Amino acid sequence: MILKKTAGITLSITVAVIVLSVMFWLLGEKEAVFEKNDSFWAKEMMPANAALNKNIDVDVAIIGGGYTGLSSAYHLMKYNPGLHVVVLEAKQVGSGASGRHGGMVLPQPPTESFEIAFDDNLHKKTYELTTRNMKSMKSMCEESGVECDLKLNGFVHTIIDEEDIPYYKEYVKDANDMGIPLEFWNADQTEDKLGTDRYSASVFDPNGGSVHAVKLINALKIVAEKAGAVIYENSQVNDISEGETIVLKVGDDNHEVKARDIVLATNAFTSKLGYFTYSMIPVHAQTAVTEPLTEEQLANIGWDSRLPFYDSKNYLFHMVLRDDNRIVIGGGDADYYFRGDLKYKGDIQKIHELTLNELVTVYPGLKGIRLEYIWDGLLGMTSDEIPKVGVTGKHKNIYYGLAYNGQGVNMSYMFGDVIASVYSGKTHGWEDTPYYGTHSGIQGFIPPEPYRWIGSKTLMEYYKRQDRQIDR
Ligand SMILES: Cc1cc2nc3c(=O)[nH]c(=O)nc-3n(C[C@H](O)[C@H](O)[C@H](O)COP(=O)(O)OP(=O)(O)OC[C@H]3O[C@@H](n4cnc5c(N)ncnc54)[C@H](O)[C@@H]3O)c2cc1C
């Protein structure tokens, strides 16, 4: 009898463990995958450095070799010569969003959708800090000797829906009152500059521009190494044990890296390491590059200003006309996969058609043009759309800069500087903004699966419906 009872309890526990394991597997996060960067930019990637092959003790270990990680390394070394800093990159530096983006460099006033945009002083301050940052990015490129194709002659935010015009006029007026040099352009002025009558109006910002994604990575790699940082590639961090000294397990052989401080520079991948799990999700987005335009096509489309631009939809399109006369075009769709799957599973042919369709809608003279490259990348998205930088952990030794919500080329470079400044006891200016904090990782709470997937899909469908109404 007793035996039977024990067997019953054992069976119940076994079933419960199996059910919980299956639920955890079904509803927990998918593990990290690191896909090869096959973008147009990737042709310029430098040869990879050696992987970590021994245990090491360092002052600061930076996880992730995108702009946030490399900029943190460069600035940490600049402010603290002699510091022992390593960057641990799972694949090659620039394998993440930093080597796959749409090429636009944007200042970041808290955008119109952010509540804090209504705080004038803050808006002006963030605008000034981010425009100053672009200039320091330019100096860094010069210091590296790499021609980053960095152009800072402005960009245009185009407005599709006529009904939005009063709002944007007011926005420009407010910005001008604060000393932010935006210009409102009506439909004719917009057509004059961009060569298309697709838009009802636009806002020109003289600060901002475009860059070659991977050349900027190369520049950062060169200056960070020259300053003394050591970069290990093909060195995935598998585990983080917190403490006064943090212990990382790295690579297939789980080599130990002991560090006094670490930097999470892993953006969309961060939740796979167990951080920001309930405040950030990885979202897939795509970008494409056309074949070079002929002289005839160029004359035909009349994009004489060559200013980069993005439109006013939720699923916006962005375009850059490069010096080699190729157009970089991205946007129009984005997706979140169940359990935060990082592997691209979308229909690239559908994205291809969507992209070409928009290109020809904006520039009918490009009918028949070919897209030579199209690729997927990962954005780190939050529900409050606010990028986050700061320091966390019981021992206040885990720095982070992440969640750029698809607008992070300039910001990620700057957050590297903010992290290094805070580490070094230097004032940056960004510390007094709501972007900086000791985030607990649950601000803008995003619920676990399956609610996360259902919520994301519902919201995305709602945004798409709004966009379809604009198109009508
Ligand atoms: C398709 C697309 C288009 C975009 N277009 C623009 C644009 O035009 N303008 C703009 O401003 N922004 C754009 N963005 C956003 C911008 O690219 C990103 O915000 C920015 O590059 C983020 O940089 P990062 O260094 O924080 O992250 P990433 O560049 O993603 O770098 C994170 C790195 O961490 C590594 N990593 C992750 N986990 C681990 C681990 N466990 N161990 C070791 N290494 C790890 C990854 O391999 C990766 O290299 C775009 C993004 C995408 C995807």
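Two strands are taken to pair if DSSP finds at least two bridges between them, and strands (E, at least two residues) and helices (H or I, at least four) are DSSP runs numbered from the N terminus. The structure is a predicted model, in which local features need pLDDT of at least 70, side-chain atom pairs count only at pLDDT 80 or more, and totals for chains, interfaces and linings use all residues. Residues are numbered from 1 along each chain as its sequence is written.

Strand E9 (residues 237–241) runs antiparallel to E10 and is joined to it by four bridges; Val237 has Val250 of E10 as its bridge partner. A hairpin of four residues connects E9 to E10. Five bridges then join E10 to strand E11 (residues 255–264), again antiparallel, with Ile246 opposite Ala259 in E11. This second hairpin also has four residues between its strands, and Gly251 in the turn has a positive phi of about 75°.

In a regular strand the side chains alternate between the two faces of the sheet. In E10, Ile246, Leu248 and Val250 point to one face and are buried (20 or more other C-beta atoms within 10 Å of the residue's own, C-beta atoms being placed from the backbone).

The ligand has 47 residues around it, of which Gly64, Gly66, Gly96, Gly377 and Gly408 come nearest; a residue counts as near if its C-beta atom, placed from the backbone, lies within 6 Å. Helix H2 (67–79), strand E12 (281–290), strand E16 (371–381) and helix H9 (409–423) each give two or more residues to this shell.

Conventions. A residue is buried if 20 or more other C-beta atoms lie within 10 Å of its own, exposed if 12 or fewer, and partly exposed in between; C-beta atoms are placed from the backbone.
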